[in-house]
Structures are given as structure tokens and as C-alpha cells.
Amino acid sequence: MLRHVVDDLYQIGESLSGANGWHEAVRVYVLLNDGNPLIFDSGSHLHSGQIMSRLRELLGDGQPKHVFLTHTELPHTGNISAITKAWPDVHLVVSSGILPHVELPWWVTEDQVRFAYAGTTEAYAGRDIAFLDGILKDQPGTHWMFDGRTGTLFTADAFGYFFPAEADPRFDDELENGVPMDWIRQYHASAFRFLPLVSGAKVSDDFTRLFAARDVRVLAPTHGNAVRRDVPRFVGKFQNAIHEICQ
Ligand SMILES: [Fe+2]
Ligand SMILES: [Fe+2]
């Protein structure tokens, strides 16, 4: 799959089918960035052929400059070896020195890695990218990125949703009533098994503060399609789902 989201933001990636006809997306996002492309997570090794074909289709003769890794689980990093083989000059941007050198030892050389720290903003190939600690994560060291130009928040495992096959290629504005709350609830209850032990009010407050502090116009989750039309509506449904799942 290759779809234009907004401005110079594109979405790539496939999905996996699970029980009872529900599907889970494994997406990769690309900012074309005036000929200096930036890639957000690498996708799964299971989809390497499709991802590399779509990346080549999108980039043409262009060379990606940086791949931002949210965390090191295989759906997010499994395709890194194919990317670094195709474009050996690409740099990986990670949140912690432990991650690339302990968890990606066969794929990564020291000079390929850049470190980014939550709470900072840095220019990559001329584009300011802000880094945040992931509020909802399944692996320590997970960080999120924010691109102010498109208003896109790259949220790794948060804001995903399960969906029936026919919704695979559709953004929120291409579904009759947006993404249903039940799809969001089912995904988060499965992806974050600890949530029933957590205060829903606390999680909800953290997200309210996050969205008060930034003008987020697009959500880019790995396990769902980009939310590009109505972020507040989607976040409202997410907040309701959190209250149902949490304490
Ligand atoms: Fe994860
Ligand atoms: Fe994931």
C-alpha cells in the first residue's frame, strides 16, 4: 500500500489478519522533505518486499536521509536491514544507546546511529523534528516524533485500531462515521494488557496535556491508518476507550 496522507506525508505498509476477520495495520510513514526523505519506523520484515517496492516507487532516485525508530520491536524495525542495504548512507535516529547496540547488533554499525532525546527538537535534513517520551508504550525507551510543518505526531503503538478488511485502505475521512470507538478500544485493550491496572483519569490527563501543548493535525500510528481529518474527534473516542479499559 502507498497512500498520500497530507502535504508531503505518505503512508506505506501492509496489514495482518487475525481472529474473527479483524486486521491490524503495520505502517511506515515518509516525509518527502524537499528531496531529502525522512522515514518513520521501518515496517515489518514480513512485508519487506512490498515496503521496499513502495519506497522505491515513492522516492524514485531519491535517497532517504534518516529513519526514525520509535522502538525496537520487529514490526517497527524488522525492515531496517533491507533499508540500510538499499541505501547504505541512511542514518538511524534512536532514543537510547542501549537500543541499537543491544537489540539491533547485526544490522547496525555505530556510525549509522544518531541519538535524539525526549523534550528536544533538532533539524534533520533541514526539517525540525521534536521528540517526546511515548505516553503509551510497550517497551521502555519508546519515543514519539512531531513534525510541526504537517502537524503530524508519530505515535508508534498508540492510537492504533483493529479493523475489518474493507477498512484497510481508508483514512478516517473515508469511513462513514470516522474510526469507530470499538475498533480503537479492542486494539488498545489487546496491545496494552496493563491498562486495566492503570488509572484512566491519569492516562487521559496526560493526553489532554499533550494535545493542549501542540497543534496536532495528523496522527500517524503504526497499527492503524493516519488520522488526517478530525484528530479531536478520534482522540475523544480514544479517551472514551481508555476510560472503558482502565480502572
Ligand atoms: Fe510495541
Ligand atoms: Fe507495534
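1. Crossing of α5 and α7. In this predicted model, helix α5 (residues 181-191) and helix α7 (residues 231-245) have axes that come within 9 Å and cross at roughly 50 degrees. That makes α5 oblique to α7. Angles under 35 degrees count as roughly parallel, over 145 as roughly antiparallel, 65 to 115 as roughly perpendicular, and the rest as oblique. The axes are lines fitted to C-alpha atoms, for helices over the stretch in contact, with angles from 0 to 180 degrees between N-to-C directions.

2. Handedness and contact. On α5, the contact is made by M181, I184, R185, H188 and A189. On α7, K237, F238, N240, A241, E244 and I245 make it. Contact means C-beta atoms, placed from the backbone, within 7 Å. By class, the contact has six nonpolar, two polar and three charged residues. Ala, Val, Leu, Ile, Met, Phe, Trp, Tyr, Cys and Pro count as nonpolar, Asp, Glu, Lys and Arg as charged, and the others, Gly among them, as polar.

3. Burial of α5. W183, I184, R185, Y187 and H188 are the buried residues of α5. Their cover includes β12 (163-164) and α7. A residue is buried if 20 or more other C-beta atoms lie within 10 Å of its own, exposed if 12 or fewer, and partly exposed in between.

4. A25. This residue is found in strand β3 (residues 22-31). A25 is buried, with 23 other C-beta atoms within 10 Å. Its C-alpha atom is separated by 6.8 Å from that of T222, 197 residues apart along the chain. Leaving aside neighbours within four places in sequence, A25 contacts G13, S15, G160, H223, G224 and N225.

5. Whole chain. There are seven helices and 13 strands; these are DSSP runs (H or I, at least four residues; E, at least two), numbered from the N terminus. Of the 247 residues, 41% are buried. Of the contacts with a separation of 6 or more, 63% join residues 24 or more positions apart. The C-alpha atoms fill a box of roughly 45 × 35 × 30 Å along the principal axes.

6. Basis. Residues are numbered from 1 along each chain as its sequence is written, with chains lettered from A and ligands numbered from 1 in the order in which they are written. Local features need pLDDT of at least 70 and side-chain atom pairs count only at pLDDT 80 or more, while totals for chains, interfaces and linings use all residues.

Key: Two residues are in contact if their C-beta atoms, placed from the backbone, lie within 7 Å.
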